[in-house]
Every structure is written in structure tokens, then in C-alpha cells.
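Reader: I have a new model to look at. Can you walk me through it?
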There are 2 protein chains.
Amino acid sequence: MKKLINDPEAAVRESLAGMALAHPDLIRVSFDPVYVARADAPAAGKVGLVSGGGSGHEPMHAGYVGRGMLDAACPGQVFTSPTPDQIEAATRAVDGGAGVLHIVKNYTGDIMNFEMAAELRQASGARVEAVVIDDDAAVENSLYTAGRRGVGTTVLAEKICGAAAERGYHLDALAALGRKVNANGRSLGVALSSCTVPAAGKPTFELGPGEIEMGVGIHGEPGRERMPMADARAIAGQLAGTILADLPFARGDRAIAMVNGMGGTPLLELYIVYNELERIARDRGIILARRLVGNYITSLEMAGCSITMVKADDEMLSLWDDPVLTPGLRWGV
Amino acid sequence: MKKLINDPEAAVRESLAGMALAHPDLIRVSFDPVYVARADAPAAGKVGLVSGGGSGHEPMHAGYVGRGMLDAACPGQVFTSPTPDQIEAATRAVDGGAGVLHIVKNYTGDIMNFEMAAELRQASGARVEAVVIDDDAAVENSLYTAGRRGVGTTVLAEKICGAAAERGYHLDALAALGRKVNANGRSLGVALSSCTVPAAGKPTFELGPGEIEMGVGIHGEPGRERMPMADARAIAGQLAGTILADLPFARGDRAIAMVNGMGGTPLLELYIVYNELERIARDRGIILARRLVGNYITSLEMAGCSITMVKADDEMLSLWDDPVLTPGLRWGV
């Protein structure tokens with residue numbers, strides 16, 4: 001696998017250095033320990049919002065640092081949890097006195113390291129709460145996970161909670177909102193190809209020329225089943241069908257939907273999948289009130305896509321529409 | 001090659017249908033003939049801006065339709081020029097009485113069909129001008145091109161001319177501006193893998209496991225040379241070095257730079273390339289005053305990247321900063 005890198009060990013740091021140079025107005029990057037913070041953090045009186053996880057899912061999370069979304073992101077090595085000292089430093093850096101909310105994807109290493117960092121901060125008298133995202137409808141336990149994996153709903157939770165923090169939500173209300181988004185969110189992904197971790201240098205898994213992995217994890221973890229390749233209609237039907245079986249919608253319910261590319265699938269195809277998702281929603285009387293179509297939570301160069309649906313109430317939709325200004329997501333400013 | 005499509009023949013139409021559903025506030029899609037127009041076109045008294053070309057380069061061009069950029073885009077089949085009737089209909093639809101500017105990438109089919117459409121409109125008394133983009137520093141003539149190919153500078157020209165049209169530039173001044181951007185823009189791309197046209201079903205070209213195509217075209221056309229794979233520093237050095245040999249910069253000159261993914265390369269890697277480009281610019285005293293890093297002019301799922309540099313004056317930088325609100329590019333609103 002050919003990659004535009006200099007050295008697998010340095011790839012994350014060099015990429016963050018490029019990010020800092022590309023977005024000096026939005027973010028600043030700390031390299032020791034590694035975290036990305038809003039250029040203007042901390043904001044006095046605002047709850048700080050911190051997320052993080054392994055790299056390789058860009059633009060998530062560092063690309064979502066900025067006004068109306070995250071105050072800081074802690075990138076680990078590719079597909080590797082960030083360390084407690086990174087998270088502790090980021091949490092300290094963005095605490096403007098109103099406490100900090102951690103948004104944590106449900107992977108064992110992430111949970112453990114975010115908890116350790118929170119305890120360190122709490123021992124210094126800071127207020128830190130955590131929301132765990134576990135929205136992957138594919139499987140219960142997985143390679144790096146007890147319970148369900150955290151995937152696409154993370155992006156939507158970061159946007160919605162980021163807007164709420166900007167509006168002045170207190171820490172407890174913000175944590176409750178994050179849990180509401182997670183409880184109403186489900187995702188399912190499909191891989192058409194594997195990805196290759198730079199340090200490994202070979203594909204994470206093997207797929208035959210006519211095979212797909214339905215329910216794949218964002219690190220290439222096994223899904224529900226290895227299936228023969230099918231057309232976009234059948235694949236979208238299976239992704240959405242699994243989600244809607246797990247989180248029933250009534251006619252007239254509204255959703256924020258995401259058709260997400262895993263990194264190696266053309267945008268042309270993602271819009272075809274979105275077209276199918278609209279058809280499915282229309283048939284069931286579900287209103288796709290807001291949507292994202294593009295590469296938002298990727299798995300390096302994996303081909304494939306995921307669908308995320310969050311059942312949305314007025315509060316979530318209103319917060320969704322609030323301004324956001326980050327490298328990866330921007331509107332209203 | 002596995003693709004998230006239903007039918008190769010219908011892929012472009014179904015993708016445009018998904019786009020229309022995803023961005024009802026920004027665009028509307030005509031299907032007979034096929035073009036994408038601003039939801040609020042035509043704007044009375046404003047010069048209309050129309051581009052187009054083969055599909056498979058998304059978000060270009062349809063993703064750049066909206067306020068502050070294109071008034072209409074004419075998507076052909078994948079890697080196939082749009083037909084004169086598409087272009088004629090789009091040109092008519094967005095003519096608010098101040099004439100229409102065509103931004104055309106230099107490929108034989110595109111040039112011919114945009115010219116035919118312009119003549120049809122002119123025969124009806126409309127004013128139509130054209131700017132041809134031919135910024136690819138790789139080769140002089142190519143598979144589908146007499147002269148140089150039109151690539152990344154197209155995106156920057158569409159943004160800058162779109163802002164100028166919004167400000168009320170007259171047709172002749174707008175055409176002169178577009179030609180100035182093109183004259184000051186150069187690009188070079190590199191392929192790490194081929195792409196696969198849906199209707200062909202097999203890779204456009206073959207690359208060995210350790211080989212790259214330096215100077216590749218956006219349809220997979222041959223470049224300058226087949227080289228052994230190298231690290232990001234060497235590749236960025238060769239891309240930027242070729243551009244800067246072709247379009248000399250003096251110390252203190254400013255550029256709008258783009259590090260563009262061809263569709264299959266992770267964002268993590270594109271930021272590494274941008275980091276290298278900043279180093280090269282610093283060494284030569286060139287100021288990268290503005291930049292884009294991401295997938296802006298793609299070649300389906302091709303792995304690789306391109307660098308575009310436009311030597312920018314105050315007028316171009318000021319227009320660059322104006323608001324833009326399209327599916328693929330947005331800021332300031």
C-alpha cells in the first residue's frame with residue numbers, strides 16, 4: 001500500500017503540523033503532549049467540550065475543533081487511543097471555569113484513558129463529565145469494545161453539544177443532551193475494501209473481489225456478515241433496515257441523517273446512497289430534516305460507507321442549525 | 001472494482017438526484033437536459049457563471065453551484081464532456097440579462113461543446129464569453145487535449161470569478177479576471193493508484209505496487225513519468241518544484257495554494273503534503289496566503305494528490321475571502 005507519508009511513526013504529528021499551518025485562524029496544536037485546541041480557548045464561563053480517539057478517522061476529531069463544536073481533540077496514533085496525559089492536558093487547557101464534557105467513543109482503551117484523565121482533573125477540583133457514544137447497531141461486543149462501538153453519532157453529538165455549550169448550557173444539562181443524542185442515534189457501516197494502517201503496512205483484513213463486510217467497524221473490525229457485493233439500493237436497504245429495526249421511527253418522526261464515506265469511496269457514490277436513503281425514509285414516513293453527505297468519520301482509505309440516523313426533536317434540530325466554524329464542518333458564519 | 005451504484009448508465013443521474021435532495025436550499029437539478037443551477041437563479045443584473053465537464057471529479061463542478069461561485073454546472077457522463085444542449089439550457093437558465101461567462105477546462109470535447117452552446121445563445125442575442133483553464137504543468141498535449149489540460153486552477157477560478165460576479169463585475173471584466181487567474185495558476189498531480197470508470201468496470205491504467213504516475217491527468221491520462229514510490233517530502237518537492245519552475249515566484253509573492261486529494265487518499269496524508277508544501281514555500285520566501293486541503297477536484301477513487309498554486313494579487317485575495325455558500329465550499333455565510 002502506497003501512502004503519502006514520510007515515516008509511519010511521525011505521520012500523525014506531521015499531519016497535525018500541516019493542519020495547524022492550514023487553519024491558524026481556527027486551531028492551535030500542542031505537540032507535548034499532543035492535542036488540538038480552539039485558537040481562542042478557553043472561553044470563560046463556557047463548558048469545554050473535549051473528544052479524541054485514534055487517528056485515521058479524519059476529519060474526526062481534530063477537524064471538528066472550533067467555534068460551535070469541540071474545544072479540543074486528542075488524537076492518538078492511528079487507530080490507537082490517546083494517552084491520559086494528552087486528555088488531561090487538553091481538558092485543563094479548555095476549562096474556562098464551567099467544567100469540561102468528554103465525548104468518548106465506546107472502545108475499551110478510550111474509555112479507560114478518558115476516565116483516568118477525568119479523575120486526574122477531578123482530583124484538582126475540576127468538574128468533568130463524560131458522555132459515551134455506543135451507536136453501532138452492527139454487533140454487541142467487538143474486537144476493542146465491551147458493548148456497542150461508537151461511530152457516526154459521535155459527529156452529530158459533537159455538533160449538537162458544541163452548539164449547546166456555545167449557548168451556555170451547564171455541564172449537567174450538556175451531558176444529558178449528549179446522552180439523549182446517543183440514545184436516539186444508530187449507525188451501520190459497510191466495507192468494500194480494507195484499510196491499511198501505516199505502521200502495519202498491510203491491509204487490516206482481506207476481502208474477496210466480490211465480497212463486502214456488512215457492519216464493519218471503523219478500525220476494520222469484523223461486522224455482522226461477509227456478503228456478496230450488491231447494488232447501492234440493496235446495500236442502503238440493509239444499512240437503513242438494520243438501523244430502523246433497532247431504533248423504531250413512527251411516521252412523521254424527523255431525523256438528522258448522515259451518509260458517510262469511509263475514505264476511499266467517491267462522493268458521486270455517496271449521493272447515490274443518499275438518494276436511496278431518502279426513498280426508504282419516504283416509504284416509512286420519516287422526514288430527513290437535516291443531513292450530511294461526505295467523508296466525516298473515515299477509516300483511512302477504506303472503500304465503503306456508513307449510514308447514521310439520529311431521531312431528532314426540536315431542541316436537537318435548533319442546535320444543529322446553529323453556526324459552526326471548524327476545519328471539517330462550517331455553516332452559519 | 002466494487003462501486004456503490006445501481007447501474008453504470010444511471011449513476012450520474014441518481015447521484016444528482018441525491019444531491020438535489022441533500023441541498024434543496026442551495027441548488028435545483030434539471031434532468032432534461034441535465035444541469036444543476038442555483039436555487040435562486042437567475043439573478044437579475046448579475047453575470048451568470050457556468051462551468052461543467054465530465055462527472056467523476058466531485059465535488060467539482062455541481063458541488064460549486066451556489067452563492068458566490070457558479071450559477072450552473074453541466075455534468076456529463078463520467079469523464080465525458082457535457083453536450084451542447086445541456087450547456088445551452090444552463091446558460092439560458094442563469095442569464096439574468098448581464099451575460100454569461102463559461103469557465104471551461106481545456107479538453108477538446110469540452111471546448112467544442114461549450115463553443116457550440118455559446119454560439120447558439122449568441123445567435124439568440126445573448127452575450128456569452130469563455131475562459132479556458134489550461135494550468136496543468138505536466139505535459140503540453142495529452143490524450144483528450146490540445147495544449148495543456150485544465151485541472152485544479154479551475155476550482156480557484158470558479159471561486160474568485162464567482163465572488164466578482166456577485167460584486168457586480170461586468171462580463172468583460174469578469175472574463176479578464178478569469179484569464180488572469182488562469183495565467184497565474186499551475187497544477188501538477190500524482191497517482192498512487194488508478195481509478196475505475198463505472199461503465200468500463202476495470203482500472204483505467206495499471207500501476208505496479210511500487211510505482212507512481214507523476215503528472216497524471218484527472219482522467220488517468222499519462223503524466224510525465226512512471227516513477228518508483230517515494231516519501232511525501234520527495235513527492236511534494238517534485239510537484240511543487242515543477243510548478244515553480246514553470247511559474248516563477250519572487251520572494252514575498254503570495255499564493256493561494258491547494259493540496260487536493262484525487263478521491264482515495266486519506267485527509268491525514270493530504271495534511272502531511274501540505275506541511276511539506278509550507279516548508280518549500282518558506283524556503284523560497286513564498287507566502288501561502290490562503291489554502292484548501294482536501295478533496296476538491298477528484299478522479300473517482302484514485303489515490304494520490306495534486307498541488308495547485310495561484311500567484312495572487314490583492315484583488316484575487318480579497319475576492320477569495322468573499323462569502324461562498326455551495327455544497328462543496330462554504331465560508332463567510
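Author: One term to begin with: a salt bridge is a side-chain nitrogen of Lys or Arg within 4 Å of a carboxyl oxygen of Asp or Glu. The model here is a predicted one.

Reader: OK, how many salt bridges across the interface of chain B and chain A?
Author: The rule finds 2 salt bridges there. E269(A) forms a salt bridge with K3(B), and their closest N and O atoms are 3.8 Å apart.

Reader: And how many residue pairs in polar contact between the chains?
Author: The count is 23 residue pairs between chain B and chain A, with both residues at pLDDT 80 or more.

Reader: How much area do the two chains bury between them?
Author: About 4,600 Å², with 62% of it on carbon and sulfur atoms.

Reader: Which residues of chain B lose the most area to chain A?
Author: Those are K2(B), L4(B) and L268(B), which together make up 20% of what the chain B side buries. In terms of contacts, 59 residues of chain B touch 59 residues of chain A.

Reader: How is chain B laid on chain A?
Author: By a turn of 180 degrees and a shift of 0.0 Å along the axis, with an RMSD of 0.0 Å. The two copies are therefore related as by a two-fold rotation axis. Both copies use the same surface, since 100% of the contact residues of chain B recur in chain A.

Reader: Changing topic: what lines the second largest pocket?
Author: It has 31 lining residues, and M1(A), S193(A), S194(A), M1(B) and S193(B) lie nearest its centre. The lining of this pocket divides into 16 nonpolar, 9 polar and 6 charged residues.

Reader: And how much space lies in that second largest pocket?
Author: About 1,000 Å³.

Notes:
Residues are numbered from 1 along each chain as its sequence is written. Chains are lettered from A and ligands numbered from 1 in the order in which they are written. This is a predicted model: local features need pLDDT of at least 70, side-chain atom pairs count only at pLDDT 80 or more; totals for chains, interfaces and linings use all residues. Side-chain values use heavy atoms; hydrogens and water are left out. On a 1 Å grid over the protein atoms alone, a cavity is a set of points where a 1.4 Å probe fits but cannot get out, and a pocket is an open set with protein on both sides within 12 Å along at least five of seven lines; lining residues have an atom within 4 Å of a point. Grid points are joined across faces, edges and corners, and a volume is the space filled by probe spheres set on the points. Ala, Val, Leu, Ile, Met, Phe, Trp, Tyr, Cys and Pro count as nonpolar, Asp, Glu, Lys and Arg as charged, and the others, Gly among them, as polar. Copies are superposed by least squares on the C-alpha atoms of residues with pLDDT of at least 70 in both. Contact means heavy atoms within 4.5 Å. Buried area is the accessible area (1.4 Å probe) that two parts lose on being put together, summed over both. A polar contact is a pair of N or O atoms within 3.5 Å; within protein, one must be able to donate a hydrogen and the other to accept it, and residues adjacent in sequence count only if both atoms are side-chain atoms.
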